[in-house]
Amino acid sequence: MKYRLGLIGHPIKHSLSPWIHARFLEKSKIEGTYSIFDLREHELKKQIDAFRDEGIRGFNVTIPYKQKIIPLLDGVDRMAREIGAVNTVANMNGKLIGFNTDGIGYLKSLEQAFPETLMNREISILIIGAGGAARGIYYILNQFGFSSIDIANRTYQNAQSIAALNTRKNTTNILSLEDASTMSGAYDLIIQTTNVGMRPNEAASPIRTSSINKSTIVSDIIYQPIWTKLLQEAAENGARVHHGHTMLLYQAKFAFEKWFGHSPSLEDMDRQLKQLLEG
Ligand code: NAP
């Protein structure tokens, strides 16, 4: 049987998901195709209905449809519903069910690079940004039990809306980006989730890094470029850095698991993807 998989979003012609899932299919010895569906909003419903009718095995969802897709699906699992965003849809007995693998993908990528961070839930964490990816990451870190997760964002209300996901009543302060620049040295882990610094605006950084020091881990979920300005400056200040392509691999791995019940090891794919991104 040849399985059909895909990605919907706009614009997505430079997506790396087809490269990742082609390798997963090959490693798992599953015959299938992973196609790109670059859709305008008015085409979304028709395409989802076509996926259901054709019996697609599953698909990923990216910007700008992670929220808009929810009412078009047959169901959404608890985590995706609470986060309010879907990045993976699986066909379960003819029903299209939505999941969110961004948060867990981030957590696993962090564990791979810095396993000690998951062993101390008292570390102080700062998330920069309050968009869809930040929601998933905040949710999972909060569920995991980290006791202090602050959010710095350009728009205060968006940060406030993420802080409302704090079901465990841990400490969450909301900061401006200016405050985050001044206070960055006070955090053990800084997670950058805005678009700022993404290609073609590589010269930009959401915060100044002069007060970041070598005890801080600076993580940027942007993967194009792999060395964002923030990561370059943090490394120059002696901080340890965590690149965004590993989250991309892990969120894809968890999506693949939703479709087939298992996923291949990421062995060597981290290095290959990094090489691909570095050109
Ligand atoms: P989103 O929902 O559109 O959120 C964008 C965030 O960036 C918001 O917090 C927004 O602030 C902030 N922002 C945008 N322009 C800004 C500016 N000029 N100055 C300050 N803040 C600005 O996007 P998303 O889905 O969360 O994705 C964000 C980034 O994460 C993208 O670069 C994406 O490629 C990356 N990503 C990576 C992975 C991975 O697997 N590595 C997965 C998902 C996303 P406001 O709230 O003020 O608008």
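This is a predicted model: local features need pLDDT of at least 70, side-chain atom pairs count only at pLDDT 80 or more; totals for chains, interfaces and linings use all residues.
Q: At roughly what angle do the axes of helix α5 and helix α6 cross?
A: Two packed helices are described by the angle between their axes and the distance between the axes. Helix α5 covers residues 132–144 and helix α6 covers residues 156–163. Their axes come within 10 Å, and the crossing angle is roughly 30°.

Q: Is the crossing in which α5 passes α6 left-handed or right-handed?
A: The residues that meet are Ala134, Arg135 and Tyr138 in α5 and Ser161, Ile162 and Ala163 in α6. By class, this contact has four nonpolar, one polar and one charged residues. As α5 passes α6, the crossing is right-handed.

Q: Is Tyr138 buried or exposed?
A: Tyr138 has its place in helix α5. Its contacts beyond four places in sequence include Ile127, Ile149, Ile151, Leu165, Asn166 and Thr172. Buried means under 20% relative accessible area. Because the relative accessible area of Tyr138 is 0%, this residue is buried.

Q: What distance separates the C-alpha atoms of Tyr138 and Ala163?
A: Ala163 is among the residues that Tyr138 touches, as is Ile162. Tyr138 and Ala163 stand 25 residues apart along the chain, and the separation of their C-alpha atoms is 8.2 Å.

Q: Which element gives the largest share of the largest nonpolar core?
A: The largest nonpolar core has 29 residues, and those with the most contacts inside it include Tyr106, Ile137, Leu141 and Leu189. The elements that give two or more residues to this core are α4 (102–113), β7 (124–128), α5, β8 (148–152), α6 and β10 (189–192). The largest share is seven residues, and it comes from α5.

Q: How many residues are in the second, separate core?
A: Among the members of this core are Leu248, Leu249, Tyr250 and Ala255.

Q: In which strand does Ser219 lie?
A: Ser219 touches Tyr106, Leu189, Ile190, Ile191, Gln192, Leu231 and His242, leaving aside residues up to four places away in sequence. With a relative accessible area of 1%, Ser219 is buried. The strand that holds Ser219, residues 217–220, is β11.

Q: Against which elements do the buried residues of α1 pack?
A: Helix α1 (residues 17–28) has twelve residues and reaches 16 Å from its first C-alpha to its last, close to the 16 Å expected. Its buried residues are Ser17, Trp19, Ile20, His21, Phe24, Leu25 and Ser28. They pack against β1 (3–9), β2 (32–38), β3 (58–61), α9 (245–260) and α10 (269–278).

Q: Which residue just after α1 takes a positive phi?
A: Most residues other than glycine have a negative phi. Just after α1, a positive phi of about 55° is taken by Lys29.

Q: Where does Pro200 lie?
A: Most peptide bonds are trans. The bond that joins Arg199 and Pro200 is cis, with omega of about 10°. Pro200 lies in the loop between β10 and β11.

Q: Is Lys169 buried or exposed?
A: Lys169 is not a glycine, yet its phi is positive, at about 60°. This residue lies in the loop between α6 and β9 (174–175). Exposed means over 50% relative accessible area. Since the relative accessible area of Lys169 is 70%, this residue is exposed.

Note on methods:
Residues are numbered from 1 along each chain as its sequence is written. Side-chain values use heavy atoms; hydrogens and water are left out. Axes are lines fitted to C-alpha atoms, for helices over the stretch in contact, and angles run from 0 to 180 degrees between N-to-C directions. Helices (H or I, at least four residues) and strands (E, at least two) are DSSP runs, numbered from the N terminus. A crossing is left-handed if the near helix is turned anticlockwise from the far one by less than a right angle, and right-handed if clockwise. Contact means heavy atoms within 4.5 Å. Ala, Val, Leu, Ile, Met, Phe, Trp, Tyr, Cys and Pro count as nonpolar, Asp, Glu, Lys and Arg as charged, and the others, Gly among them, as polar. A nonpolar core is a set of buried Ala, Val, Leu, Ile, Met, Phe, Trp, Tyr and Cys residues joined through side-chain atoms within 4.5 Å. Buried means under 20% relative accessible area, exposed over 50%, partly exposed in between (1.4 Å probe, protein chains only). The expected span of a helix is 1.5 Å times one less than its number of residues.
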